[in-house]
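Subject: Handover of a structure and of what was found in it

Dear colleague,

Please find the structure below, followed by an account of what was found in it. I would ask you to keep it open while reading.

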Amino acid sequence: MSSPTGPASGLPVRMPRPRQPGRHRRPEPLAAPEGAPALVLAVPGTPGSATRGLAEEVVSIARSELPGLDARIGYLDGDDAEFPTLQAVLTHAAEVRTARYEQAKAAGLDVKQPDGPVAVVVPLLAGPDNSLLRQVRQAVMESRIAAELTDVLGPHPLLAEALHVRLSEAGLARADRARLFTVATAADGIILASVGGDEAVQAAGITGMLLAARLAVPVMAAALDQDGSIADVAEQLRASGSQQLALAPYLIGPEIDPGLIEEAAKEVGCAASEALGPYPAIGKLALAKYTSALGIAPQQPQGAPVR
């Protein structure tokens, strides 16, 4: 029989397990704060079923990392029917926030009038592309909604990891340098293909250095949207001793016609891996941009160690 102060004598007492001290302590679970702004993924390119599937998978990853997250998708070239434009998504997010506040007031709840940004807009871009970023900024301004715009997702070690995985999936790189097997088609020089001109090439070059450390082969960035850039870099790699090249798109996917990647690879006589697509790191990086903008990021996502 139990007493008011606990179990009767002789019965085991379950004590709360103390939290593990030190840096290996399990982090406290994080959830989106009540009334937090929406995360709005700004998706470039011509919308289609493949683009929508990719974007939905990215926001699904972000939601799984932050329970309670209000994540939405806005298309730069949407039609407001099947593919809502970024302006329409921001307007709707503002309307929903206002409606919730008015419902709470009508119910007699003591709630504070919402303030601060309605949304945090995260461009679905691996690197800077001034033309596309101008479209995003223009859409935010035209919506007349208070929204915060983050930077693009890269450069970041997780993007180097994603590039490595895509190359290994195409048989162009070892999945793990520690494993003692050979890949007959493994490239000994990588062209990292970006879009966005010189600024994008410079940013891609930072991730390229991280990729080179993972693969132990030279990696050089080039611009898909500049005539001759891919060919020039291919010539430089071959002049330095690389014989078997591979083209790795430093792109999420929707921002460019996939046919351009195939044409560029054919032009320089090499194979190409797939674009980054909905690799899990993309969703995690999008969420990191959102939480950093709000000051609630517990920790930036870390890249996997070089093997």
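This is a predicted model: local features need pLDDT of at least 70, side-chain atom pairs count only at pLDDT 80 or more; totals for chains, interfaces and linings use all residues.

A residue is called buried when its relative accessible area is under 20%, exposed when it is over 50%, and partly exposed in between (1.4 Å probe, protein chains only). Helices (H or I, at least four residues) and strands (E, at least two) are DSSP runs, numbered from the N terminus.

Residues are numbered from 1 along each chain as its sequence is written, and side-chain values use heavy atoms, with hydrogens and water left out.

The strands

Strands of a sheet pair through backbone hydrogen bonds, either parallel or antiparallel. Two strands are said to pair here if DSSP finds at least two bridges between them. Strand β6 is joined to β5 by 5 bridges, and the two run parallel. Within this pairing, A222 in β6 is the bridge partner of A193.

There is also an open sheet of 4 strands, in the order β2-β1-β3-β4, with parallel pairing. Its edge strands are β2 (71-75) and β4 (147-149), each of which pairs on one side only. From one strand to the next, the twist averages 30°. Strands β1 and β3 pair in the parallel sense over 5 bridges, and L41 has V122 in β3 as its bridge partner. Helix α1 packs on the sheet and touches β1 and β2; its direction makes about 155° with that of β2. Helix α2 (residues 86-106) also packs on the sheet, touching β1, β2, β3 and β4, and its direction makes about 145° with that of β2. For these values, contact means heavy atoms within 4.5 Å; axes are lines fitted to C-alpha atoms, for helices over the stretch in contact, and angles run from 0 to 180 degrees between N-to-C directions.

Two helices

The expected span of a helix is 1.5 Å times one less than its number of residues. Helix α4 (residues 157-169) has 13 residues and should therefore span 18 Å; its end C-alpha atoms are 19 Å apart, which agrees. Its buried residues include L158, L159 and L163, and what covers them includes β5 (189-194), α5 (197-215), β7 (245-249) and α8 (280-294). Just after α4, G171 takes a positive phi of about 75°.

Helix α8 has 15 residues and reaches 22 Å from its first C-alpha to its last, close to the 21 Å expected. Among its buried residues are I282, L285 and Y290. The buried residues of α8 pack against β1 (38-43), α1 (49-65), β3 and α4. G295, which follows α8, has a positive phi near 75°.

Two single residues

D129 lies in the loop between β3 (119-123) and α3 (130-143). Not counting residues up to four places away in sequence, D129 touches V195 and G196. Q138 lies in helix α3 and counts as partly exposed because its relative accessibility is 38%. Q138 and Q87 are 51 residues apart in sequence and 9.3 Å apart in space, C-alpha to C-alpha.
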